[in-house]
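Subject: Structure handover

Hello,

Here is the structure I promised to pass on. Please open it beside this email and follow along.

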Amino acid sequence: PSEPSLCDFYSRLGYKTCTYVDEFYAKSATQGCSFSKIDKDEYACLRKEYLPKNAVIQEKESLDFLEKLATFIKGEDFILSYSIYDGKLHAYELLGRCEKAPSILCALGVKDGKFRTTGTSRPFTMLFPFEEFEPPKYFAFAFD
């Protein structure tokens, strides 16, 4: 659910929040970092190294769709899928060292951006539990 009111609505129907994300805004640093563009297959492979245990692995159709929207890059200690529109960066997912966000913006020539990463601050996905099981820790892509 994209809004707290929707989380409340689905909670009343028996759904439970199962994953969370952190979202943050960053402004460009004065010095950029180095990175290289990668394809979706390399992104998928590297993603597995950065994801927390028990995360949802989204590949194939999800990455095929994301590839139409986003650019994939890797740095020494991060991977990022992003788009730039209206002069702002929209990070579908930043995994690794999130403190690199300002230097990534500088390297891409963008003044500011919104980043999504693993975390605990914002409810992200809900499920209706038919039986008890350990829910995933992270579910990444929302094509918003």
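Is tyrosine 43 buried or exposed? Tyrosine 43 has a relative accessibility of 0%. The cut-off for buried is under 20%, so tyrosine 43 counts as buried. Keep in mind that this is a predicted model.

Aromatic pairs

The whole structure holds six aromatic pairs. In one of them, phenylalanine 9 and tyrosine 10 sit edge-to-face, with 5.2 Å between centres and 80° between planes. Phenylalanine 9 is partly exposed at 39%. Tyrosine 10 is partly exposed too, at 32%.

Tyrosine 43 belongs to another pair, with phenylalanine 72. This one is tilted: the centres are 4.7 Å apart and the planes make 35°. Tyrosine 43 is in helix H2 (residues 40-50) and phenylalanine 72 is in strand E3, so the pair ties together parts 29 residues apart in sequence. Phenylalanine 72 is buried, at 3% relative accessible area.

There is also a cluster. Ring pairs join Phe9, Tyr10, Tyr15, Phe128 and Phe130.

Salt bridges

The count is 14 salt bridges. Start with glutamate 23. Its side chain meets that of lysine 114, 3.9 Å from N to O. Lysine 114 lies in strand E6 and glutamate 23 in strand E1, 91 residues apart. Lysine 114 is partly exposed at 25%, and glutamate 23 is partly exposed at 24%.

Glutamate 23 also forms a salt bridge with arginine 116, at 2.8 Å. This pair again links strand E6 to strand E1, across 93 residues.

Next, look at arginine 97 and aspartate 77. Their salt bridge spans 2.9 Å, N to O. Arginine 97 is in the loop between E5 and H4, and aspartate 77 is in the loop between E3 and E4, 20 residues apart. Arginine 97 is partly exposed at 37%. Aspartate 77 has 16% relative accessible area, so it counts as buried.

Shared partners join some salt bridges into one network: Glu23, Lys114, Arg116 and Arg122.

Helix H4

Which residues of helix H4 (residues 101-108) are buried? They are Ala101, Ser103, Ile104 and Leu105. Their cover includes strands E1 (16-27), E3 (71-74), E4 (78-85), E5 (88-96) and E6 (112-118). After H4 comes glycine 109, with a positive phi near 75°.

Best wishes

Note on methods:
Residues are numbered from 1 along each chain as its sequence is written. This is a predicted model: local features need pLDDT of at least 70, side-chain atom pairs count only at pLDDT 80 or more; totals for chains, interfaces and linings use all residues. Side-chain values use heavy atoms; hydrogens and water are left out. Buried means under 20% relative accessible area, exposed over 50%, partly exposed in between (1.4 Å probe, protein chains only). Helices (H or I, at least four residues) and strands (E, at least two) are DSSP runs, numbered from the N terminus. Contact means heavy atoms within 4.5 Å. Rings of Phe, Tyr and Trp (its six-membered ring) pair if their centres lie within 6.5 Å; planes under 30 degrees apart count as stacked, over 60 as edge-to-face and the rest as tilted. A salt bridge is a side-chain nitrogen of Lys or Arg within 4 Å of a carboxyl oxygen of Asp or Glu.
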